[in-house]
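Dear colleague,

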Amino acid sequence: MLGLFCVVVSGIASASTTRITGLRTAADTDRSRLVFDLGGPVEHQIFTLQDPSRIVIDIEDVSIDTDLREIIPDSDLIRRIRSAPRNGNDLRVVLDLTESARPKSFVLEPAADYGHRLVVDVVGGDASGGGSGGDRNQPNADEPRDIVVAIDPGHGGHDPGAIGHGGVNEKLVVLQIARRLNRLLEETPGLKPVMTRNSDIYLPLRERMRRARKADADLFISLHADAFRDARARGSSVYALSTNGASSEAAKWIANRENSADMLGGVSLDDKDEMVASVLLDLSQSATIESSLSAGERILNKLGSVNRLHKHSVQQAGFVVLKAPDVPSLLVETAFISNPQEARNLRSSAHQEKLARAMRDGIEEYFKTAAPRGTRIYAQNN
Ligand SMILES: [Zn+2]
């Protein structure tokens, strides 16, 4: 089990029903476990539905005081958790899956520090149960490969992101910049870009990360445009994850979005707190944080030659990650869309190209010194 994530549900139980007091999730690559902490024993049924793949858990006579959609499951298999009351006092919990998976469930009696629990295991992959025969995307080991850069244009679809000066949408300008960066990286020998989205669609965060991992990305860059209530705020920023902070704080943050500015070390990100924090929550641990910082500094440095910088060093969010990740990851706030001048810049194709070029140069420079073994760029520089 790699990740562990816990949300404590608070509130007042109705007298007649058993209360769900918390939900914990943990996951490794092909299996996820959900543990419902309960105020007493419960009866439940579990079944699957297809198109799209879902697991449905019906729990009898329980109450819950939180919206499970708030919980970002620590799982590549579970895209989303939702719940709704049914038949009066019953609760239906639906796990939206990224692929078909088999559920297994059992209840546990109180033991040690724990009370009654309902455990749901979600097992992905095919049912053969055999070991994996090696990395699925591993090409011929002798052949140097390209370095894969996942470009993630923030927001999309029903989520416009920040609405900037003059009505410009963050989701649109970051997609345009991402496409430019994508083209530039395609033209750069040894680098291969993939985009998490290339149209105006909404992608849940998990899906963005899943797409990057599926492409075996060596670097993940999420592109955003900043906004602030003070229209004078301007400049580019780059974020990486910090190792500071406790996982309980991270969990608390998810439960209390109001505290998000504090959780980001006093850096106010205004309306995009959720996106930034969620991306960062999903990112790397210390090994990859170093890489993220190093890549981030180079990108920030290059951005500084085409745009004013909002912060002159890579910013780090002060909470711990929930997932043990493998991909150095950054979040780039290209500029302030709430600033009239920068909103104009963000819409200008010439300026978009400059921003994309700066990021490409930073990425290229970083991988010249830090190319993963087995890649063409590594072979050229060692
Ligand atoms: Zn954003």
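The model is a predicted one, and its chain averages a pLDDT of 76, with 74% of the residues scoring at least 70. Among the elements of the chain, the highest mean pLDDT, 97, belongs to strand 12 (residues 191–195), and the lowest, 33, to helix 4 (residues 260–263). Two stretches call for caution. Over residues 126–139 the pLDDT is below 50, and this stretch has three contacts in the model beyond near neighbours in sequence. Residues 243–285 also stay under 50, yet the model has 93 contacts for them beyond four places in sequence.

Turning to the strands, there is an open sheet of four, in the order 4-5-8-7, with antiparallel pairing. Strand 4 (44–49) and strand 7 (78–86) form its edges, each pairing on one side only. On average, neighbouring strands of this sheet are turned by 15° against each other, direction ignored. Six bridges join strand 5 (residues 54–59) to strand 8 (residues 90–97) in the antiparallel sense; Ile-55 has Leu-95 in strand 8 as its bridge partner.

As to helix packing, helix 1 (residues 170–186) and helix 8 (residues 349–370) have axes 9 Å apart and pack at an angle of about 50°. Helix 1 is therefore oblique to helix 8, and the crossing is right-handed. Residues that meet there include Ile-177, Leu-181 and Leu-184 in helix 1 and Leu-355, Ala-356 and Met-359 in helix 8. By class, this contact has seven nonpolar, two polar and four charged residues.

With kind regards

Notes
Residues are numbered from 1 along each chain as its sequence is written. This is a predicted model: local features need pLDDT of at least 70, side-chain atom pairs count only at pLDDT 80 or more; totals for chains, interfaces and linings use all residues. Two strands pair if DSSP finds at least two bridges between them. Helices (H or I, at least four residues) and strands (E, at least two) are DSSP runs, numbered from the N terminus. Axes are lines fitted to C-alpha atoms, for helices over the stretch in contact, and angles run from 0 to 180 degrees between N-to-C directions. pLDDT is the predictor's confidence in each residue, from 0 to 100. Two residues are in contact if their C-beta atoms, placed from the backbone, lie within 7 Å. Angles under 35 degrees count as roughly parallel, over 145 as roughly antiparallel, 65 to 115 as roughly perpendicular and the rest as oblique. A crossing is left-handed if the near helix is turned anticlockwise from the far one by less than a right angle, and right-handed if clockwise. Ala, Val, Leu, Ile, Met, Phe, Trp, Tyr, Cys and Pro count as nonpolar, Asp, Glu, Lys and Arg as charged, and the others, Gly among them, as polar.
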